[in-house]
Amino acid sequence: MIHSFFIFDRHCNCIYSREYTNGDAINKTNDSDTAKLLFGILYSLKNISGKLAHTNDDSGFAPSNNTLKSFTLGTYRAHYLESMTGLKFILVSDTHIDNLQPVLWELYSTHYLKNVVHNGLSPVEFLAENDPYSKISNHNFIVQSDAYIQSLPVYR
Amino acid sequence: MTSYYFSIIGTRDNPVYEFEFSSFKNSLAMSTSTSVPGKSQFSASIKEMLPFISNSSLDIIEDAQWTTNLFYLGKIDSFYGLLVNAFITQGNIKFVLCYDVSNGTTQKYDDSSIKQFFIEANDLYVKCLLNPFYSVNDAIVSPDFDLRLKLIAKKYL
Amino acid sequence: MSKKGDDIWKNVDKINSELFTLTYGSIVAQLCRDFNHNYHEVNNQLDQMGYNIGIRLIEEFLSRTGAQRCQSFKETVEVITKLGFRVFLNIQPAVENWSSDGRSCSIVLPEPNPLNEFVEIPPTKDLWYCQILCGILRGALQMIQLDVDVNFVKDTLKGDDKTEIRLKLNKILKDEVPAGED
């Protein structure tokens, strides 16, 4: 079962959050604390994973393989994908789902690309909180990504 | 050896381009003459008349363009032994070629090669028009255009 | 890598090259008119437009190619020329003139350059007709944490023997830290 979906941009702001309840109903959360806490955990884990695989290369080019993919807490699992441009896609599910990397990639490479990047009127650099452009408000993106997530066999 | 005067005239009857040359053919056979191959042999008095002759043919061109659906209008005028052939582009730009036959009796003038010359000159003009810094009716000053036109002239005239 | 570029190129949507060339040409010509032939300003505008394209194009590039983080700047430049230029412009520029520290190099655009077709620039030394490419590279590289200076040094439109873009890696940007942490 998938619980929620978040996107953070490279400035560490939450630019999209969506919560999926048990039934079909979907409600958009405005609970920015959840997003912040989630981001905090992921940020720390990502730093740790980077340090564990430290390389002697001081050129500043990052090691490519040791990336955070998911982590599990008692009843939740958070699936994580970071694009090279620093966009972070997160799906929170129950613990029965092992791997959502292809789904996250699809959300990035199809839905985000088609509806946000290719949409010249939609910003790609989102502004800080409380600004009308601080979140993805693109109707097509919301509808299509919702439909895609709901169509997954693991959704319920 | 035939001398030619080629001019392009814009939509507002403004001069866009002019080029004077002579036939490149038989230039070896003509080696007895002191002329430089490709250099026109118009006499000074004719030379200064050439732009006027070209422009005076514009009225005829404008009449002729409605009588045919071809772009090449053929020989449309003659003036003191100078013949005038014309071509009109889709964009209403006129190409006019004046040439003398009086002192080049050895060479018979060839209508189809003049037509080919116009067609290729038109291709060249279209290329020039595709340059984003060129707009319709501007004078053509590109040396590259000069060079390529010369090659076309060499090929056909 | 060239092979991969070919494969991707086959699958991307294409547009008529004359439409593309003329569209770009009209933009440059219009900028020249708008800024009264102040070519420095025209270059800046083109660079800024390119930057705005670059920060979007990189996402397209990454999702199409699935490229991973490079291990060195040399590899980055190789990816740019063999995949980037190949996929978006169907040309493969040569890389030359590496500096000894491996932080700067030249990209030489092959002829014919699809942006330059039909073009004859006004007689000036100031206008860099393809400056938009510099902006695109700068924007795209900045989004993957590479701060790079990109500028033209030679252009065949000005009668130079080749069209050369110089890249210089300034620094690698750090990931941003969330507010309140240091």
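In which strand of chain A does A:Ser93 lie? I looked this up and found A:Ser93 in strand β6 of chain A.

**Entry 1: ground rules**

I am working with a predicted model, where local features need pLDDT of at least 70, side-chain atom pairs count only at pLDDT 80 or more, and totals for chains, interfaces and linings use all residues. Residues are numbered from 1 along each chain as its sequence is written, while chains are lettered from A and ligands numbered from 1 in the order in which they are written. I take helices (H or I, at least four residues) and strands (E, at least two) as DSSP runs, numbered from the N terminus.

**Entry 2: A:Ser93**

I noted that A:Ser93 counts as buried because it has 24 C-beta neighbours inside 10 Å. A residue is buried if 20 or more other C-beta atoms lie within 10 Å of its own, exposed if 12 or fewer, and partly exposed in between, with C-beta atoms placed from the backbone. Apart from neighbours within four places in sequence, A:Ser93 is in contact with A:Met1, A:Ile2, A:His3, A:Arg77, A:His79 and A:Leu100. Contact means that the C-beta atoms of two residues, placed from the backbone, lie within 7 Å. I also noted 6.3 Å between the C-alpha atoms of A:Ser93 and A:Ala78, which are 15 residues apart along the chain.

**Entry 3: strand β1 of chain A**

I turned to strand β1 (residues 2-8) of chain A, where six of the seven residues are buried, so the strand is largely enclosed by the rest of the structure. Strands pair if DSSP finds at least two bridges between them. Six bridges join β1(A) to strand β6 (residues 88-93) of chain A, and the two run antiparallel. In this pair A:Phe5 stands opposite A:Leu91. Five bridges, again antiparallel, link β1(A) with strand β2 (residues 14-20) of chain A. Here A:Ile7 stands opposite A:Tyr16. The hairpin of β1(A) and β2(A) has five residues between the strands, and A:Cys12 takes a positive phi near 70°.

**Entry 4: two helices of chain A**

I checked how helix α2 (residues 101-117) of chain A packs with helix α3 (residues 139-151) of chain A: the angle is about 160° and the axes are 9 Å apart. Axes are lines fitted to C-alpha atoms, for helices over the stretch in contact, and angles run from 0 to 180 degrees between N-to-C directions. The two helices are therefore roughly antiparallel (angles under 35 degrees count as roughly parallel, over 145 as roughly antiparallel, 65 to 115 as roughly perpendicular and the rest as oblique). From α2(A), A:Leu107, A:His111, A:Asn115 and A:Val116 meet residues of α3(A), among them A:Phe141 and A:Tyr148.

**Entry 5: the sheet of chain C**

I found four strands of chain C forming an open sheet in the order β1-β2-β4-β3, with antiparallel pairing. β1 (94-96) and β3 (146-154) of chain C stand at the edges with a single partner strand each, so one side of each is left without a neighbour in the sheet. From one strand to the next the twist averages 30°. Three bridges join β1(C) to strand β2 (residues 104-109) of chain C, and C:Val95 stands opposite C:Ile107 in β2(C). Helix α5 (residues 131-143) of chain C packs on the sheet, touching β3 and β4 (163-172) of chain C.

**Entry 6: chain C against chain A**

I noted that the contact takes 18 residues from chain C and 20 residues from chain A. Helix α3 (residues 39-65) of chain C gives the most to the side of chain C that touches chain A, with seven residues.
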